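Please examine the structure shown below together with its sequence.

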Amino acid sequence: MQLPEFFEYRDGQLYIEGCELSELAREYGTPLYVYSASAIKTAYERYRTAFERAGLDATICYAVKANSNIHILRMLHELGAGADVVSGGELYLARAARVTPEKIVFAGVGKTAAEIDYALRENILAFNVESAGELHLIKNRASKQGKTGVGISLRVRPEVSAGGHHYITTGAADSKFGLSFAEVHELARELKNSPTLKLRGLHVHIGSQMRGVTPILEAVRRVVGLATEIGGELEYLDIGGGVGVNYAGEPDEPNLPDALASGIAKIFRETGRTYPLLVEPGRYLVAMSGALLTEVLYLKESGETRFAVVDAGMNDLLRPALYGAVHPVVSLAEGVSNTAYKIVGPVCESGDFLSERAELPTLEAGAGLAILGAGAYGFSMASNYNSRSRPAEVLVNGNNVTLIRRRETLYSLLKEQLVNIDVEI
Ligand SMILES: Cc1ncc(COP(=O)(O)O)c(C=O)c1O
């Protein structure tokens with residue numbers, strides 16, 4: 001297995017950029033999320049230059065849900081990114097990171113009136129609208145605020161399957177996301193006569209972790225056709241995210257952003273239609289930058305299975321339990337991988353595993369492990385299940401280490417619960 005860029009063994013120890021991971025584990029404790037700033041910058045530049053090389057005008061609106069730590073949002077903002085948000089909370093974090101409202105789009109099937117009011121006050125670029133009811137509520141709330149020309153993108157359900165796990169497929173005919181072609185036509189007609197709302201673009205996002213770009217290109221082709229039918233001047237097409245990463249570290253990874261951008265340029269050439277683009281990568285920008293560090297607590301055998309029980313659980317990294325996602329696990333101390341372990345956490349669920357099978361050097365209690373590819377949908381999906389405090393996060397840039405989120409304390413489990421504590425703790 002090839003380690004992700006910016007991770008390597010030096011003198012028998014695993015490093016992220018200029019820092020030894022076992023030292024970070026000692027200093028900040030485990031479980032611990034560690035991210036490489038250089039990996040994020042490199043992924044961002046790869047995505048950006050792919051579109052530039054293809055001669056496309058593309059604005060990157062980072063999908064905040066992938067990793068919403070404000071230090072990472074700020075870094076991406078400084079690189080030039082806008083934001084794709086799906087809640088008032090994400091909008092708040094994006095604004096706190098100083099992302100300009102003209103580069104913020106707001107998707108999601110269940111926007112509340114309060115969230116709509118907030119986004120209207122912030123003057124974001126567009127609401128990516130997912131139902132007629134939502135469009136009417138936005139119109140209503142915008143009128144109450146005396147707004148005109150509020151930006152709208154209609155999210156299309158292109159009836160293209162993204163493949164992969166059905167939980168992360170969002171473009172199929174029976175999906176809860178987006179509008180049918182007929183609904184888009186109808187709402188586009190309605191918008192033509194609205195001074196309050198302005199149809200800016202069409203939006204499509206068909207799923208996540210796609211390891212080939214054919215489904216995205218098919219969706220884009222359909223949306224270009226739809227845009228042509230609608231007529232009028234759309235300011236852009238928003239083609240969503242979904243470009244996958246190489247979790248397993250297979251060599252000869254194809255350059256997916258390049259394939260996506262050149263494929264879109266080809267569609268534009270073939271159809272004779274060209275649009276500025278918004279793109280919403282999440283996973284691609286941050287997944288491979290991150291590792292979740294954990295310590296082996298116990299080793300045990302049950303039937304044929306050799307378990308390593310570690311101090312990180314499904315509450316810290318949900319992807320294996322939720323999607324059956326496979327994350328490579330490596331030892332912080334280099335060694336010959338000669339033993340297969342199932343890596344499980346302390347949570348009281350049989351679904352609490354981090355790896356079904358990891359080939360590792362023979363482990364002892366106290367050994368340090370790194371779960372790789374944990375930068376996206378890792379901490380952002382973490383919870384307090386089993387009343388476990390969520391981990392700390394650290395950002396590494398060369399030899400510099402910044403603690404970007406403190407580990408939660410025991411008191412953080414209690415502090416929002418309205419209770420007088422009359423016991424000594
Ligand atoms: C609307 C929208 N845009 C972008 C993304 C980001 O997807 P990915 O992380 O696969 O790039 C998502 C993820 O669910 C999404 O729902």
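Confidence in the protein is lowest in helix H11 (residues 319-323), with a mean of 96, and highest in strand E4 (residues 32-36), at 99. These values are pLDDT, the predictor's confidence in each residue on a scale from 0 to 100. Over the protein, the mean pLDDT is 95, and 97% of the residues reach 70 or more. Helices (H or I, at least four residues) and strands (E, at least two) are DSSP runs, numbered from the N terminus. This is a predicted model, in which local features need pLDDT of at least 70 and side-chain atom pairs count only at pLDDT 80 or more, while totals for chains, interfaces and linings use all residues. Residues are numbered from 1 along each chain as its sequence is written, and side-chain values use heavy atoms, with hydrogens and water left out.

Two packed helices are described by the angle between their axes and the distance between the axes. The axes are lines fitted to C-alpha atoms, for helices over the stretch in contact, and angles run from 0 to 180 degrees between N-to-C directions. Helix H4 (residues 88-96) packs with helix H5 (residues 113-122) at an angle of about 25°, and their axes are 9 Å apart. H4 and H5 are therefore roughly parallel to each other; angles under 35 degrees count as roughly parallel, over 145 as roughly antiparallel, 65 to 115 as roughly perpendicular and the rest as oblique. In this pair, Gly88, Leu91, Tyr92 and Arg95 of H4 meet Glu115, Tyr118, Ala119 and Glu122 of H5, where contact means heavy atoms within 4.5 Å.

A second pair consists of helix H6 (residues 132-144) and helix H7 (residues 181-192), which pack at an angle of about 15° with their axes 11 Å apart. H6 is therefore roughly parallel to H7. Here Ala132, Leu135 and His136 in H6 meet Leu187, Glu190 and Leu191 in H7.

Thr196 lies in the loop between H7 and strand E10 (197-203). Its relative accessibility is 11%, so Thr196 counts as buried; buried means under 20% relative accessible area, exposed over 50%, and partly exposed in between (1.4 Å probe, protein chains only).

Where is Ile152 found? Ile152 belongs to strand E9 (residues 150-155), and Ile152 is buried, with a relative accessible area of 0%. Ile152 and Leu197 are 45 residues apart in sequence, yet 6.7 Å apart in space, C-alpha to C-alpha. Leaving aside neighbours within four places in sequence, the contacts of Ile152 include Leu135, Leu191 and Leu197.
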